[in-house]
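Subject: Structure for you to look at

Hello,

Here is the structure I said I would pass on. Please open it first, then read the notes under it.

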Amino acid sequence: MSAVDDLRSLILGGQYAPGDRLAEVEPAEVLGVSRTPVREALRRLAAEGLVELIANKGARVVEYPRDDLESIFELRARIEGLAARQAALAAAPEDADRLHAVAVELREHAGRDDLDAVYRLNADFHQGLVRLGGSALLAQQISMLVHSPVLLRAYGSFDKEAMDRSAGHHLEIAAAVRAGDPDWAEAVMRAHLFSARASLLGPRHQESEP
């Protein structure tokens, strides 16, 4: 693995938490490399949105407030649920078959814990689903809500059970699109995103009544 892959894994695995400073020396010692590949890795991760580079202060892991993350998943569940509904109504059989093939490949890579491939195939699946629905407006709204670092952290927080559940959701959404069932497709998409939210943020504790 390269320094950027190793450093990304450390961030997603929680060794460097959101908000942590990332001086070049300490990661270089952890990874057993010089500061030069760490410097390049930080630039790459900044481009991905996992790290932010601050003038004269170095780098730190990007931090999103919990309330912002809650809102992102809530809005995505509503909008992508609608996209799944429209895809089930509009998809031709051959398009539904291609969506199913992506879901099958995603499950295979999830079983091998190949996070990079899972992340790529997840993006292919969700983007393909939006295209099938044919709504440019929905596509625009979803692109504003899909934050790469949020998705990467969500997958990085999955245990085996959560990863299997996520892969199963993709297969079930594809099955709903194949069946032309908009209610089924929307319901599973919403469950899929709420499940990812729970894996990333943990239990949702309701405030007690006064």
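**How the helices pack**

Helix α4 passes helix α6 in a left-handed crossing; a crossing is left-handed if the near helix is turned anticlockwise from the far one by less than a right angle, and right-handed if clockwise. The helix names come from DSSP: helices are runs of H or I of at least four residues, strands are runs of E of at least two, and both are numbered from the N terminus.

Before going on, note that this is a predicted model, in which local features need pLDDT of at least 70 and side-chain atom pairs count only at pLDDT 80 or more, while totals for chains, interfaces and linings use all residues. Residues are numbered from 1 along each chain as its sequence is written, and side-chain values use heavy atoms, with hydrogens and water left out.

The axes of α4 and α6 are 7 Å apart, and the two helices pack at an angle of about 60°. Axes here are lines fitted to C-alpha atoms, for helices over the stretch in contact, and angles run from 0 to 180 degrees between N-to-C directions. α4 and α6 are therefore oblique to each other (under 35 degrees counts as roughly parallel, over 145 as roughly antiparallel, 65 to 115 as roughly perpendicular, and the rest as oblique). On the α4 side the contact is made by R76, E80, A83, A84, Q86, A87 and A90, and on the α6 side by H126, L129, V130, L132 and G133. Contact means heavy atoms within 4.5 Å.

Which way do α9 and α10 run relative to each other? Their axes come within 8 Å and cross at roughly 165°, and α9 and α10 are therefore roughly antiparallel. α9 passes α10 in a left-handed crossing. Residues of α9 in this contact include A162, R165, S166, H169 and H170, and those of α10 include W184, A185, V188, M189 and H192.

α5 (residues 93–111) also packs on α9: the axes come within 9 Å and cross at roughly 170°. α5 and α9 are therefore roughly antiparallel to each other. Among the contact residues are A96, L99, H100 and A103 of α5 and M163, A167, H170 and L171 of α9.

**Helix α10**

α10 covers residues 182–201. Its 20 residues should span 28 Å at 1.5 Å a residue, and the end C-alpha atoms are 29 Å apart, which agrees; the expected span is 1.5 Å times one less than the number of residues.

At the N-terminal end, D181 caps α10, with a side-chain oxygen 3.2 Å from the backbone nitrogen of D183. After α10 comes G202, which has a positive phi, near 85°.

Buried residues of α10 include P182, A185, V188, M189, H192 and L193. Buried means under 20% relative accessible area, exposed over 50%, and partly exposed in between, using a 1.4 Å probe and protein chains only. The cover over the buried residues of α10 includes α4 (66–90), α6 (115–133) and α9 (160–179).

Apart from neighbours within four places in sequence, H192 is in contact with N122, H126, S166, H169 and H170.

The 19 residues of α6 should span 27 Å at 1.5 Å a residue, and the end C-alpha atoms are 27 Å apart, which agrees. Among the buried residues of α6 are L121, N122, F125, H126 and L129. G134 follows α6 and has a positive phi, near 75°.

D113 sits in the loop between α5 and α6. Most residues other than glycine have a negative phi. D113 is not a glycine, yet its phi is positive, about 60°. At 61% relative accessibility, D113 counts as exposed.

**Two more residues**

L75 is in α4 and counts as partly exposed, at 40% relative accessibility. L75 and L193 are 118 residues apart along the chain, but their C-alpha atoms are separated by 9.8 Å.

A28 is in helix α2 (residues 25–31). Is A28 buried or exposed? A28 is buried, with a relative accessible area of 5%. Not counting residues up to four places away in sequence, A28 touches V33, S34, R35 and V38.

Regards

Technical notes:
A polar contact is a pair of N or O atoms within 3.5 Å; within protein, one must be able to donate a hydrogen and the other to accept it, and residues adjacent in sequence count only if both atoms are side-chain atoms.
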